[in-house]
Amino acid sequence: MRLVIDPHILRSLHRSELRKKILFYLHEIYPSSTYLSEIARIVRSDPSNVKGALVGMGNRYNGDSSLVYLGLVEEITHNGFRYYRLTEHGKKVVEFLKTYQSYYSRFM
């Protein structure tokens with residue numbers, strides 16, 4: 001079955017390297033979840049930027065383009081802590097992006 005991806009998702013990911021890094025990291029540890037500071041450490045970014053990419057943050061990061069809003073990542077609250085995990089749809093999108101990037105790199 002062919003995967004249909006909302007063009008807004010592709011646009012959001014092409015506009016932010018950080019969103020892509022976070023998504024690819026969560027794909028590597030799938031189905032495990034992790035917390036914001038750990039993601040920030042791995043992708044080498046500030047935790048506030050990572051939070052913006054995950055859930056949006058005021059005027060700096062558009063919430064409509066955030067990974068949680070797009071349904072690629074889910075936020076899990078457990079014992080008062082927030083964890084983030086790739087959704088099944090997010091996993092399919094990452095797998096598509098890996099083939100998509102190798103396909104389009106032939107033309108660049």
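Q: Which residue of β2 is the bridge partner of I76?
A: That's Y83. By the way, you're looking at a predicted model, where local features need pLDDT of at least 70, side-chain atom pairs count only at pLDDT 80 or more, and totals for chains, interfaces and linings use all residues. Residues are numbered from 1 along each chain as its sequence is written, and side-chain values use heavy atoms, with hydrogens and water left out.

Q: What makes β1 and β2 a pair of strands?
A: Two strands pair if DSSP finds at least two bridges between them. Here six bridges join β1 (residues 73-78) to β2 (residues 81-86), so the pair passes that rule. The two strands run antiparallel.

Q: How many helices and strands does the protein have, and how do you know what counts as one?
A: There are five helices and two strands. Both are DSSP runs, numbered from the N terminus: a helix is H or I with at least four residues, and a strand is E with at least two. Going along the sequence, the pattern reads α-α-α-α-β-β-α.

Q: Why is N79 called exposed?
A: Exposed means over 50% relative accessible area, buried means under 20%, and partly exposed is in between (1.4 Å probe, protein chains only). N79 has 66% relative accessibility, so it counts as exposed. You'll find N79 in the loop between β1 and β2, a hairpin with two residues between the strands.

Q: What makes the phi of N79 worth a look?
A: N79 isn't a glycine, yet its phi is positive, about 55°. Most residues other than glycine have a negative phi, and most peptide bonds are trans.

Q: What is the phi of R44, and where is R44 found?
A: R44 also isn't a glycine, and its phi is positive, about 55°. R44 follows α3, in the loop between α3 and α4. With 78% relative accessibility, R44 counts as exposed.

Q: How do you know that the peptide bond from Y30 to P31 is cis or trans?
A: Check omega: it is near 10° here, and the bond is cis. P31 sits in the loop between α2 and α3.

Q: Why is G52 called buried?
A: G52 has a relative accessible area of 1%, so it counts as buried. This residue belongs to helix α4. Setting aside neighbours within four places in sequence, G52 is in contact (heavy atoms within 4.5 Å) with M57, Y61 and S66. The C-alpha atoms of G52 and G63 are 7.7 Å apart, and eleven residues lie along the chain from one to the other.

Q: Is N62 buried, exposed or partly exposed, and how do you know?
A: N62 comes out at 44% relative accessibility, so it's partly exposed. Its place is the loop between α4 and β1.

Q: Which residues of α3 are buried, and what covers them?
A: In α3 (residues 36-43) they are L36, E38, I39, A40 and V43. Their cover includes α2 (17-29), α4 (47-55) and β2.

Q: How do you know that the radius of gyration agrees with a compact globule?
A: The radius is taken over C-alpha atoms, and the globule rule is 2.2 Å times the number of residues to the power 0.38. For 108 residues a compact globule would be near 13 Å, and the protein has 14 Å, so the two agree. Of those 108 residues, 37% count as buried.
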